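Have the model open beside you as you read.

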Amino acid sequence: MTTTHAPARPIGKAAVGALGALAVATGALESVVTPTLPLLQRELDMSPAEGALLSIVLLVTGALITPIAGTLGDRYGGKRVVVRLMAVVCAGGLVSALAPNLPVLVLGQVLQGAMVGALPLSFILVRAHLPAGESKVAIGVVSGLFVGGAMAGTLAAGPVAEGLSRHWMFALPTFAVTGATVLVHRLTPHDPPRRPQGAGIDWPGLVLLSGTLVTLMLVLGLGADLVTQPLVLLGLVVLLAAFGTGWVAVERRAASPMVDLRMLTRPAVGKSCVLTFLICVGTSAATYLVPQLFAVPADTYGFGASATAIGFFLLPGALAASVAGPISGIGVRRLGSRAVVTAGVLLMAVGLLGLAAAHTEIWHLVLGKALVALANGLCVTAMVTRTATSVDLGDTGIATGLVLVTRVIGFAVGVQVTGAILTAGTPSGSKIPAESAFVAGFVLAAAVTVLSLLVVRTMSKGVKE
């Protein structure tokens, strides 16, 4: 028997404004770690590898939460799930604010990762309550406000951490998220739940993928330190293989898999995932290494930049990333996805090699980071567009979810590898990595990026294959 629901009550400007305020607040909370990572490493006595782990925890958690949040949104309604997810985010923000050490801060970041699943649910709410034309405008507004919030967080995190403390740089945006969640709860009408699809939530797949990613991060982050303990390292590698094999087996047999691996057999989807992985490895190197290089003391080969200055220096990269999406969309329509991805890959390679060859002036790093951010936006947007338009309408969410998971894995692998390179390149008794470690990180990222051209050559010129 088919269940019918009353039509959704129209959403007003105040409700859209509440969702926009939530996007601003979550964007700000998500972005505070990147410009202040060197400061956090000093205050919590972290190694570069531990700093790399901290910088990706939220993103990895978000990739795991997002598909579950979508399923729960279908089953119980978007508003109900958004409010509960944001309660978890607020708890994570408070844990991060009160954290006395790295393990507690990592726990806070894990909880904050729930915010990644909340933004797509906001889009579902808008679509449920507005006509198609108005919903597109509202989604664009909410997306733009999230980017704006991220820029504000990048700029404000340093001054708050240095003027007050690192605790307040988490607490202030958490208070804003709490207030915005209350507004969403009061101003946004409930959307009717949609019928659950398939066999429900793939909990075994979630657990096994979580284990795979966590073990992968441990192998990459601790590999250099465990060279003298080969049995421990071998044990982690075996555990990683077991988790990975188990996850693949479960996903291939699940009635409603978290990630439908059968999609990878489709050329457009498989190539998009491979390209997204390689491109995000390159992007992550600049994302992690540039702030670290800014913070290296000025009496060596760095600039001794404060957290406030680092946030200011990273702003052009954030602006470049924000305009990359629209530029990529126009380029795909006019030139095809292969042309846009080729241009993005070449631009990223130039940026990374430029950072390796010239990093003695602040503008070298600012320009290089901006080029990489622009190139990443061009490529990832083209890949998502290409994937979404190459499959049937009913498979869009599954296919783009694969790209999302691949993006997170690529970014996590790149950050952990570069963090391990800096750790291995830090002389005994010193906390400052050798300059050659930064050069090696940039060159390795550029080599991986150039390697992606081998896959780009096999793509069709248009969006569809």
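Rings of Phe, Tyr and Trp (its six-membered ring) count as a pair if their centres lie within 6.5 Å; planes under 30 degrees apart are called stacked, over 60 edge-to-face, and the rest tilted. By that rule, F294, F303, F312 and F313 make up one aromatic cluster.

Some housekeeping first. This is a predicted model, so to speak of local features pLDDT has to be at least 70, and side-chain atom pairs count only at pLDDT 80 or more, while totals for chains, interfaces and linings use all residues. Residues are numbered from 1 along each chain as its sequence is written, and side-chain values use heavy atoms, with hydrogens and water left out.

**Rings and cores**

Searching the whole structure turns up four aromatic pairs. One of them joins F294 and F303, a tilted pair with 6.1 Å centre to centre and 55 degrees between the planes.

A nonpolar core here is a set of buried Ala, Val, Leu, Ile, Met, Phe, Trp, Tyr and Cys residues joined through side-chain atoms within 4.5 Å. The largest one has 88 residues, and those touching the most other members are L54, V290, F294, V341, L352, F438 and F442. Helix α11 (residues 267-295) gives the most to this core, with twelve residues. There's also a second, separate core of 21 residues, which includes L58, A69, L85 and V177. In soluble globular proteins, nonpolar side chains tend to be buried together.

Helix names follow DSSP runs numbered from the N terminus (helices are H or I, at least four residues; strands are E, at least two).

Two packed helices are described by the angle between their axes and the distance between the axes. Axes are lines fitted to C-alpha atoms, for helices over the stretch in contact, and angles run from 0 to 180 degrees between N-to-C directions. Under 35 degrees counts as roughly parallel, over 145 as roughly antiparallel, 65 to 115 as roughly perpendicular, and the rest as oblique. For handedness, a crossing is left-handed if the near helix is turned anticlockwise from the far one by less than a right angle, and right-handed if clockwise.

How do α2 and α11 meet, and at what angle? Their axes come within 9 Å and cross at roughly 55 degrees, so α2 and α11 are oblique to each other. The crossing of α2 and α11 is right-handed. Now look at helix α4 (residues 78-98) and helix α5 (residues 102-112), where the axes come within 7 Å and cross at roughly 160 degrees. That makes α4 roughly antiparallel to α5, and α4 passes α5 in a left-handed crossing.

**Charged pairs**

Side chains of opposite charge can pair when their charged atoms come close. A salt bridge here means a side-chain nitrogen of Lys or Arg within 4 Å of a carboxyl oxygen of Asp or Glu. The whole structure has two of them:

| Salt bridge | Closest N and O atoms |
|---|---|
| R166 and E43 | 3.1 Å |
| D45 and K431 | 3.2 Å |

Take R166 and E43. R166 sits in helix α8 (residues 166-187) and E43 in helix α2 (residues 33-44), so the pair ties together parts that are 123 residues apart in sequence. R166 is buried, at 8% relative accessible area, whereas E43 is partly exposed at 46%.

Then there's D45 with K431. This pair links distant parts of the chain, 386 residues apart: D45 is in the loop between α2 and α3 (48-76), and K431 in the loop between α15 (396-424) and α16 (435-451). D45 is exposed at 54%, and K431 is exposed at 71%.

Most residues other than glycine have a negative phi, and most peptide bonds are trans.

**Two more spots to check**

M348 lies in helix α13 (residues 337-357) and is buried, with a relative accessible area of 0%. M348 and A370 are 22 residues apart in sequence and 9.6 Å apart in space, C-alpha to C-alpha. V248, in helix α10 (residues 230-253), is partly exposed at 33%. V248 and L261 are 13 residues apart in sequence and 7.7 Å apart in space, again C-alpha to C-alpha.

Methods
Buried < 20%, exposed > 50% of the residue type's maximum accessible area, 1.4 Å probe, protein only.
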